[in-house]
Amino acid sequence: MKSSENSALSGNNVKYACPMLCEGNKTYDKPGNCPVCHMKLVPVDGIKQDEHPHEHPHKYPHPAYEPEASTLEKGNYYCPMRCEGDRTYPKPGDCPVCGMHLKKQESFANSGVVYTCPMHPEVKSNKSGLCTKCGMDLVPEKTQDTSEGENAYRKMTEKFRIALVLTIPVFVIAMSEFLPFLHLENFASKKVWSWIEFILATPVVFYSGWDFFKRGWSSIRRWAPNMWTLISIGVGVAYLFSLFGLLIPGLFPPQFKDAQGNMQLYFEAAAVILTLVLLGQVLELRAHSKTNSAIKALLSLIPPIARVIRNGQEKEIPMEEVQVGDILRVKPGEKVPVDGIITEGSAVIDESMITGEPIPVDKSKEDKVTGGTINGKTVFEMKAVKVGSDTLLSQIIEMVNLASRSRAPIQRLADIVARYFVQIIIAIALVTFTVWAIWGPEPVYIYAFVNAISVLIIACPCALGLATPMSIMVGTGRGAQSGVLVKDARAIEEMSRVDILIIDKTGTITEGKPSLKSFLSFGKLSDEEVLQLAASIDANSEHPIADAIVKGAKEKNIELIKLDKFESLPGKGVQAVYNNQKIGFGNYRLIEDFKASLDDRKKIKAEEWQSTGQTVMYMVLGNVVEGIVSVADTIKETSAKAILALQHMGVKVHMLTGDNKFTARAVAEQLHLDGYIADCLPDDKYKKVKELQERRHIVAMAGDGINDAPALAQANIGIAMGTGTDIAMQSAEITLVKGDLNGIVRARDLSIKVMRNIKQNLFFAFVYNSIGVPIAAGLLYPLFGILLSPMIAAAAMSFSSVSVITNALRLRKK
């Protein structure tokens, strides 16, 4: 059967290769395991040529990384080490690969309100209603259930306390020969004290530290060695050695015994090592709970209830029941429940928790409001436009979740080292034992045994693995609180290297809210008819200039007319059909498309308006320019300061705009830009980005419109202004909620600080292991007589991970 199967395979010319590409493009004729890494070979057509499996661990998993069947379903838990890429797990617990405690992905869906009865707190419901016992209205409560992270922290703390209480006497007994004032030998023989050590140390091993052994066994069974492999081997060998030495001392040579024939036991080493590891886990879990504090802070912005007006009556309903189109009332000091538009009244809204800007914003009828922001001292009514997972706040939370789980390119080095780290450490431990057993002083086996265990215990691959994810998690959360949303970790790393920023004018440098300035007829139409046609055709466009023209026409009580066959011409304008005649409205390029022309009189008038900073649009009927309409857009107050700050950071700022050369020059000179190009089509922006990249520049592109989407996608970093269109945000790696250039300054500053923090973490991890392992092996003994106790090694190992997380947490204050 087997031979026929191979024959069939070979008949189909199926080739197999290692998914980790250990031997480059080498292929095999038969299925099996890679001779280098022992991974299962896969069909060649299963590996895409444009991607590397190291960058897609969830797509090309190591056999050791295959999850249990229960983990294949989508869940809310993930490993902070990203062992299996962006794989999630349905239940809390430990990562099946590295053994670390899984973290919960905080999300909008997990933030639902719990209702309870004031008289019967045991009655709980996820919906409003009546108490089943007394009939009282259920009221919202802040859920009292602690998170899985807090439960894990509490359990680990309990185990640590038990271990500490039992370990202290074990340590005192073992160290009694160095504490002669205790006179323990007056109370019992050394054999009896050894039994007491065994009795006290055993619960530490089999209760407090048992999870570590389960993690170690899981890593061995899956052939995915990690820090728990080293700890379980080191502590397990020390405990079993001591147990056999206590029960069957005759098995061991004289070198392992003292002058009285008593065995040298290491119960205290096993107990102290596990207690110190438990302490490290307690501190690590406590620090972990702070790394996603930004997401928890965002979730806290979601109010539990909303006041809906139905049939003229105000009613409180759970947030989950708010529907699009509902009219909601927001009272003074309350949080805005969902995204929507003010329909009645006005407000002063504190948007600092969303945009990072401390100054409250005035809002009036028809203005947009964002869920989670805080109302001032007025009452207003609003229409719900986006609810549930569609709100900006929910999208921010989701984006932070995705970014915090992504992997930065800089982590590849740590991944490569960590992949072979444990095997190297075990080999070093064996070499250490051999060298000390051959050339060490008497008793040689004691020295060899202790130093080998020290090597196993002190090594910490966990610090290497945590170096990047912790900084990314804290940094992306901090960015979200400042109005900077990062799509993935790569964007953070790349943003720190950007040397050229390309920006659009409308909506990026300027307010993006142009107002109608002037309109003029050149021929048979009246001035009002020119404006009427312009507003009617622009009513179907989403460009800010179109909005300004439509709004200006309505303010002048000009009725819009229905046009047929509307079509957007990116970078040029729009066109439609009016009275069976093709009409167009746009910039100078549109005139060329319609094969129309401008005489000197029309050209002079248009340039006169443009020289004052107005943007001029041409109305073309057939092939005749019948009039012009102009709008003016003021430069944002923050633009000049932000551009100067970016230039001081070493970033050259260029403006590419579809506007005319006169308006573009006026803006560029006013803001002291490093360069500008006018009359740009979307394709021109795309080509400019590509040209700069070919000259080895790292290019960031900021924009807010559909016409910016191609350039945003091509740029090394696309930056979408949050006030712009959805397609711009989808094409970008970074979104600025506030939508001004100060956000780019914050994004650049954040990326620099996150990358610096990552490099510090990697430095700490590499240096710690580079120095710690040789010292544990006894390298300093021939020169200074210094040896490292396994207990000290355990303390150093535990605090290495804690130091990495603590350093990452500093980003919360940036």
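## Overall build

Helices (H or I, at least four residues) and strands (E, at least two) are DSSP runs, numbered from the N terminus. The protein chain has 26 helices and 29 strands. This is a predicted model, in which local features need pLDDT of at least 70, side-chain atom pairs count only at pLDDT 80 or more, and totals for chains, interfaces and linings use all residues. Residues are numbered from 1 along each chain as its sequence is written, and side-chain values use heavy atoms, with hydrogens and water left out.

How many of the residues are buried? Buried means under 20% relative accessible area, exposed means over 50%, and partly exposed lies in between (1.4 Å probe, protein chains only). The protein chain has 814 residues, and 51% of them count as buried.

Contact means heavy atoms within 4.5 Å. Take the contacts in the protein chain with a separation of 6 or more: residues 24 or more positions apart account for 65% of them.

## Nonpolar cores

A nonpolar core is a set of buried Ala, Val, Leu, Ile, Met, Phe, Trp, Tyr and Cys residues joined through side-chain atoms within 4.5 Å. In soluble globular proteins, nonpolar side chains tend to be buried together. The largest core here has 110 residues. Leu501, Ile503, Ile719, Ile734 and Ile744 have the most contacts inside it. Helix H24 (residues 741-777) gives the most to this core, with 14 residues. Apart from this core lies another, of 24 residues, among them Ala534, Ile545, Ala548 and Met619.

What does Ile503 touch, not counting residues up to four places away in sequence? Its partners are Thr508, Ile509, Ile643, Val653, His654, Met655, Leu656, Ala702 and Leu741.

## Aromatic pairs

Rings of Phe, Tyr and Trp (its six-membered ring) pair if their centres lie within 6.5 Å; planes under 30 degrees apart count as stacked, over 60 as edge-to-face and the rest as tilted. The structure holds twelve such aromatic pairs. The ring centres of Trp436 and Tyr447 are 5.6 Å apart and the planes stand at 15°, so this pair is stacked. Trp436 lies in helix H10 (residues 411-439) and Tyr447 in helix H11 (residues 444-458), so the pair ties together parts that are eleven residues apart in sequence. Trp436 is buried, at 7% relative accessible area. Tyr447 is partly exposed, at 24%.

Helix H11 also holds Asn451. Asn451 is buried, with a relative accessible area of 1%. Leaving out residues up to four places away in sequence, Asn451 touches Thr432, Trp436, Ala776, Ala777 and Leu787.

## A ring cluster

Which residues do ring pairs link into a cluster? They are Trp195, Phe198, Phe206, Trp210, Phe213, Tyr239 and Phe267. Phe213 is found in helix H4 (residues 210-221). Phe213 counts as buried, at 16% relative accessibility. Beyond its neighbours within four places in sequence, Phe213 is in contact with Val205, Ser232, Val235, Gly236 and Leu274. Phe213 and Ile231 are 18 residues apart along the chain, and their C-alpha atoms are separated by 8.0 Å.

## Charges over rings

A charge sits over a ring if NZ of Lys or CZ of Arg is within 6 Å of the ring centre and within 35 degrees of the ring normal. Lys159 lies over the face of Tyr207, 5.8 Å from the ring centre. Lys582 has its charged end over the ring of Phe594, 4.9 Å from the centre.

## Loops

Asn579 is in the loop between strand E21 (573-578) and strand E22 (581-586). Its phi is near 55°, a positive value in a residue other than glycine. Asn579 is exposed, at 60% relative accessibility. Arg696 lies in the loop between helix H21 (682-694) and strand E27 (699-703). Arg696 is not a glycine, yet its phi is positive, about 70°. Arg696 is exposed, at 75% relative accessibility.

Ser496 lies in the loop between helix H13 (489-495) and strand E18 (500-503). A polar atom of the Ser496 side chain lies 2.6 Å from the backbone oxygen of Glu493. Neighbours within four places in sequence aside, Ser496 is in contact with Arg748, Ser751, Ile752 and Met755.

Note on methods: Polar contact = N/O pair within 3.5 Å; in protein donor to acceptor, adjacent residues only side chain to side chain.
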